[in-house]
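Let's take a friendly walk through this structure. Have the sequence and the 3D view ready, and follow along from one stop to the next.

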Amino acid sequence: DYIAYLNSDDLYLPGALEGARLAFNKYPDAGAVYSSWVDIDEKDQELERHTGVIDFDLNFQINTGNILPQPATFIRKSALDSVGLLNPKYHYAMDYDLWTRIGQKLPLKFVGNDYWAAFRLHKDSKTVTVINKFWPEVREISRQNGGKFFSRLYFLHLNDKAPWLFTPLFKLYRAIR
């Protein structure tokens, strides 16, 4: 009835499966449920705890960026039956695409700051070594789903590419707003 997937070097934390089961019982209309996560290094040492994850909002998702932490997300099988599986066209942003498709049809529920998964970051991980390859796929998915051309997502990407230029501009914008 429920499906989840982990990338090869991530892991579930104690209580994750039971937490997801309870969340699906609490939110019977949810297409997916997700919780907080922890970043760890190659030696399982904690790097950072991510709390304050927000409730799913489709507009935010397509105009600002991915909200759902992939390893801490569990999917109802019926949601996948409705929207399809991961799109093999994408190699980097396949989860962003899936969450967006589910979010167009069903609620996705953030269930709180229980930590369900550990996301491993190290010098050889895909997220670290080829992060620049994520952007074209994210941009395509955003625009296909009604994302604005000049969205916050777009400007965050520009800031990543040229922080020396865009960080002062963002500060100026916030100051005059």
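D44 sits in the loop that joins β3 (32-40) to β4 (46-50); strands here are DSSP runs of E with at least two residues, helices are runs of H or I with at least four, and both are numbered from the N terminus. This is a predicted model, in which local features need pLDDT of at least 70, side-chain atom pairs count only at pLDDT 80 or more, and totals for chains, interfaces and linings use all residues. Residues are numbered from 1 along each chain as its sequence is written, and side-chain values use heavy atoms, leaving out hydrogens and water.

β3 and β4 pair in the antiparallel sense over four bridges, where pairing requires at least two DSSP bridges between strands. The strands make a hairpin with five residues between them.

What is the phi of D44 in the turn? It is positive, about 65°, although D44 is not a glycine. Most residues other than glycine have a negative phi.

Now turn to the largest nonpolar core, which has 28 residues; V33, Y34, I75, L108 and W116 touch the most other members. Such a core is a set of buried (under 20% relative accessible area, 1.4 Å probe, protein chains only) Ala, Val, Leu, Ile, Met, Phe, Trp, Tyr and Cys residues joined through side-chain atoms within 4.5 Å. β6 (108-120) is among the elements that each supply at least two residues, and β6 gives the most, with five.

Notes: Buried < 20%, exposed > 50% of the residue type's maximum accessible area, 1.4 Å probe, protein only.
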